[in-house]
Amino acid sequence: MSPTFRAFKVRNFRLYASGAIVSNVGTWMQRVAQDWLVLELTHSGTALGIVTGLQFLPALLLGPYAGLVADRLPKRTVLTCTQIAMASVALVLGSLTIAGVVQPWHVYLLALLFGVGTAFDAPTRQSFVVEMVGREELSNAVGLNSASFNAARLLGPALAGLLINWIGTGPVILINGFTYAAVILSLRLMRVHELHTPTPAGREKGMIRDGMRYLWRRPDLMMVLVAVFFAGTFGLNFQLTSALMATQVFHKGAGEYGILGSVLAIGSLSGALLAARRVRIRARLVIGAALAFGAFEIISALMPTYLTFALVLPLVGLASLTMLTSANATMQLGIEPSMRGRVMALYMTVLMGGSPLGSPFIGWVGQEFGARYTLIVGGGLTVLGTVGSVLYFSRRRGLAIRPRLLPRPRLEVLPQTELLGEKAVVDAGPQTEVVTGLKSEALDDTKELGPRVA
């Protein structure tokens, strides 16, 4: 079997992936249909941002508690319940739309309820992957999960655009409600004795605080987390920014809007498959991909035509998925199994929970300054936040970073105290880094330097 698909040797993961691809196609169809419904009802970029924000608000409010649930309860049971909850929301919204009685407040409320299901689903699903495949195949499975999600993103938006024109938004949303049955069936068919299930966390006081304290004591993981926060809050608003660019800048319809989502997914799928081939994941890759993502997003905003905008989107997707898959694997491989649910809940809270702040803000930027500025501001804040994260958390680890362009691009990493010994040089380019004699207690837990953290 190809190294890219080695996690498929595990039967339980094959079952899970087959159910997930069906559900993911439906999810992307609903995202496009829901956004188009909001634009039809309100003709407002701000309203679209509010809906996106409400959908992710529960992740911000309930994320830490959801992580505790993931650590204490059987994950298959939790995932079954979340699938039923999200299916119910989709069926209600689709029925209201078909009946012709849907109003903006219905969409707001149901988006919030859908977000509650997602808040509990996301950390459980993320931490369940390692139980299916084990630590050895985790990075590969994370990449394949992302590939499945983005293969669905490639098909779902284009299919939704066609179906909206043919049968309307209501039936498209209704279809998604039925796709969750595929995930539930795959969970029921798994062989429980083949899962790598850790001992459930006991009931103790301060367990959520313990997870936060554990993460704060890991500046290597915090550096990744802050970079992901800025990207997730301000940069990863594609359903909002693409809708505004398609309608307000290029004056296109639902079909062309759906195509933009599929074009973006071409790059995302490529990034996910490349991630699946990597055996070792470094946080340096997260930082570099975050910077590239912000830069490509700004470049896409400057494209003069619909065609040139679409041609840049695969690069945006490639950088974003490289960042997300490498960040996910870095977090999961760097934490204790007993903390996995809580830490991944905090990770998903940071990734998704920033949307209630970022989406309305980006929507307001589009309303006041134009759709192009949603991408310029989102990409710019991603770059600034990532650079700030590297500088701050590198200093917390007792290091000073200086860029050097000659004789080749690299980051010069120097200890901040005289007790640390000789300097180390870490290449910023593709060459292998050279690390020389550093001895520091600040580095003992990572054995890495600068922005490279395993």
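**Figure 1. Glu-194 and Arg-191 form a salt bridge in this predicted model.** Glu-194 is partly exposed, having a relative accessible area of 30%. The nitrogen-to-oxygen distance between the two side chains is 3.1 Å. The structure has 3 salt bridges by the rule applied here.

**Figure 2. A salt bridge joins Glu-131 to Lys-75.** The N to O distance between these side chains is 2.7 Å. Glu-131 belongs to helix α4 (residues 104–133) and Lys-75 to helix α3 (residues 75–99), so the contact ties together parts of the chain that are 56 residues apart in sequence. Glu-131 is buried, with a relative accessible area of 4%. Lys-75 is buried as well, with a value of 9%.

Figure 3. Arg-125 is partly exposed, with a relative accessible area of 27%, whereas Asp-121 is buried, with an area of 4%.

**Figure 4. Phe-230 and Phe-234 form a tilted aromatic pair.** The whole structure contains 14 aromatic pairs. In the pair shown, the ring centres are 6.2 Å apart and the planes make an angle of 35°. Both residues lie in helix α8 (residues 219–235), where a spacing of 4 residues places them about one helical turn apart. Phe-230 is partly exposed, with a relative accessible area of 23%, while Phe-234 is buried, at 16%.

**Figure 5. Phe-361 and Trp-364 form a stacked aromatic pair.** Their ring centres are 6.3 Å apart, and the pair counts as stacked because the planes meet at 25°, under the limit of 30 degrees. The two residues are 3 positions apart in helix α14 (residues 355–369), about one helical turn. Phe-361 is partly exposed, with a relative accessible area of 32%, and Trp-364 is also partly exposed, with a value of 40%. Phe-361 and Trp-364 belong to one aromatic cluster with Phe-229, Phe-230, Phe-234, Phe-369 and Tyr-373.

**Figure 6. Charged side chains sit over the rings of Trp-28 and Tyr-306.** The charged end of Arg-31 is placed over the ring of Trp-28, at 4.6 Å from the ring centre. Lys-252 lies over the face of Tyr-306, with a distance of 5.3 Å to the centre of the ring.

Technical notes: Residues are numbered from 1 along each chain as its sequence is written. This is a predicted model: local features need pLDDT of at least 70, side-chain atom pairs count only at pLDDT 80 or more; totals for chains, interfaces and linings use all residues. Side-chain values use heavy atoms; hydrogens and water are left out. A salt bridge is a side-chain nitrogen of Lys or Arg within 4 Å of a carboxyl oxygen of Asp or Glu. Buried means under 20% relative accessible area, exposed over 50%, partly exposed in between (1.4 Å probe, protein chains only). Rings of Phe, Tyr and Trp (its six-membered ring) pair if their centres lie within 6.5 Å; planes under 30 degrees apart count as stacked, over 60 as edge-to-face and the rest as tilted. A charge sits over a ring if NZ of Lys or CZ of Arg is within 6 Å of the ring centre and within 35 degrees of the ring normal.
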